[in-house]
Protein chains: 2
Amino acid sequence: MSSNRDIDALIDMMAKLPGLGPRSARRAVLHLIRKRALLMAPLADMMQTVAANARECLNCGNIGTGDICDICASSARGNGILCVVEDVADLWAMERSGVFKGRYHVLGGTLSALDSIGPDELRIPRLLDRVQTESVTEVILALNATVDGQTTAHYIADQLEGRVALSSLAQGVPIGGELDYLDDGTITAALNARKPMA
Amino acid sequence: MSSNRDIDALIDMMAKLPGLGPRSARRAVLHLIRKRALLMAPLADMMQTVAANARECLNCGNIGTGDICDICASSARGNGILCVVEDVADLWAMERSGVFKGRYHVLGGTLSALDSIGPDELRIPRLLDRVQTESVTEVILALNATVDGQTTAHYIADQLEGRVALSSLAQGVPIGGELDYLDDGTITAALNARKPMA
């Protein structure tokens, strides 16, 4: 309760963001009001721009501000390698590493019998189309190492087998990871995929 | 890096809010984009409204959307009791309790020799004016229980002595507090201010 209707409404909406509760929403709004010229007005403008223009790329499912996202539109990224991810957050994580130079395909979830999500609920038919029509040479299945993620990876691998080179992300000890803190599954995977030292 | 310039700019601005870092800003922006019609557009609109209209009340220093805040404008709140707080966040906290029915005076900080903040840097002259011109019968000094807060309270008490009834918030054990976890100062204050049982 800030004693003002508009400010209260703003706090209520901010409190709906993930990671913010009522207390941190109040702090954030007070901070914004104190910096209303430098931060709040530009933030509101940019939020309006993005709210008006953000949409899913018709080609890959990434979020951009046009019908085709910047990655699909860039000819430099058309190297014939397609990286399949579950959702846009995963795509952003891959992009932050800066190491992948091909294009993406965002499934929009994983297959799940429990939630009755089949291939047609995901962007899987579109993936099979793209492998056909774009000159794709390799598909990297960068799905999460969860049961649903791996089920989905196997399903896609079945569909694409023989038509294109398939690979998945390596599993093992994370960089900076300490064995003592790792779960048994990760250690088993790292041991099974051990490499001869150069 | 979201691969889109506008979305990246939005994430950068969101990451400047207190309590949000780059990772939680990305989560928040992705959430907003997914709910762009229901949450993002109204939030952007309300943020623009508040950014355009928010200002400090000329009378008490509270933040509102007009020259005079809703509390100062409400005749129901003019009961002659004035509650002095350090900043707007403290006023909001008092309002949430819902128990105080008078008006406020927001100092905008505390006296601090170290930061060379004197009475004229705060809203203290205006407070003395208000006690004179509004028919104030009691001033409650609701300043934080810190060294600077208490110094400021003593300075204001000196200025107002004999002109109006003065009080300060009670100090003691917080509701739900366990003695074992309280600091020595709080226990000393609670013991010194002990009350006979009814």
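Visitor: Where do the bounds of a domain come from?

Guide: Domain bounds are taken from an automatic or database domain assignment. In this predicted model, chain A is divided into domain 1 (5-53) and domain 2 (68-168). The C-alpha centres of these two domains of chain A lie 34 Å apart.

Visitor: How are residues and chains labelled, and what limits apply to a predicted model?

Guide: Residues are numbered from 1 along each chain as its sequence is written, while chains are lettered from A and ligands numbered from 1 in the order in which they are written. As this is a predicted model, local features need pLDDT of at least 70, side-chain atom pairs count only at pLDDT 80 or more, and totals for chains, interfaces and linings use all residues; side-chain values use heavy atoms, with hydrogens and water left out.

Visitor: Is strand β3 of chain B largely enclosed or open, and why?

Guide: Strands (E, at least two residues) and helices (H or I, at least four) are DSSP runs, numbered from the N terminus. A residue is buried under 20% relative accessible area, exposed over 50% and partly exposed in between (1.4 Å probe, protein chains only). Strand β3 (residues 81-85) of chain B is largely enclosed by the rest of the structure because four of its five residues are buried.

Visitor: Which strands pair with β3(B)?

Guide: Two strands pair if DSSP finds at least two bridges between them. β3(B) pairs in the parallel sense with β5 (residues 138-141) of chain B over four bridges, and there B:Cys83 has B:Ile140 as its bridge partner. Four bridges also join β3(B) to β4 (residues 103-106) of chain B, again running parallel; B:Val84 stands opposite B:His105 in β4(B).

Visitor: What is the hand of the β-α-β unit made with β3(B)?

Guide: A crossover is right-handed if, with the strands pointing away from the viewer, the path from the first strand over the helix to the second runs clockwise. The unit made by β3(B), helix α5 (residues 88-97) of chain B and β4(B) is right-handed.

Visitor: What should I look for in phi?

Guide: Most residues other than glycine have a negative phi. A:Ser116 has a positive phi, near 45 degrees. This residue is found in the loop between β4 (103-106) and α6 (124-133) of chain A, and its relative accessible area of 58% makes it exposed. In chain B, phi of B:Ser116 is positive too, near 45 degrees. B:Ser116 is in the loop between β4 and α6 (124-133) of chain B and is exposed at 57%.
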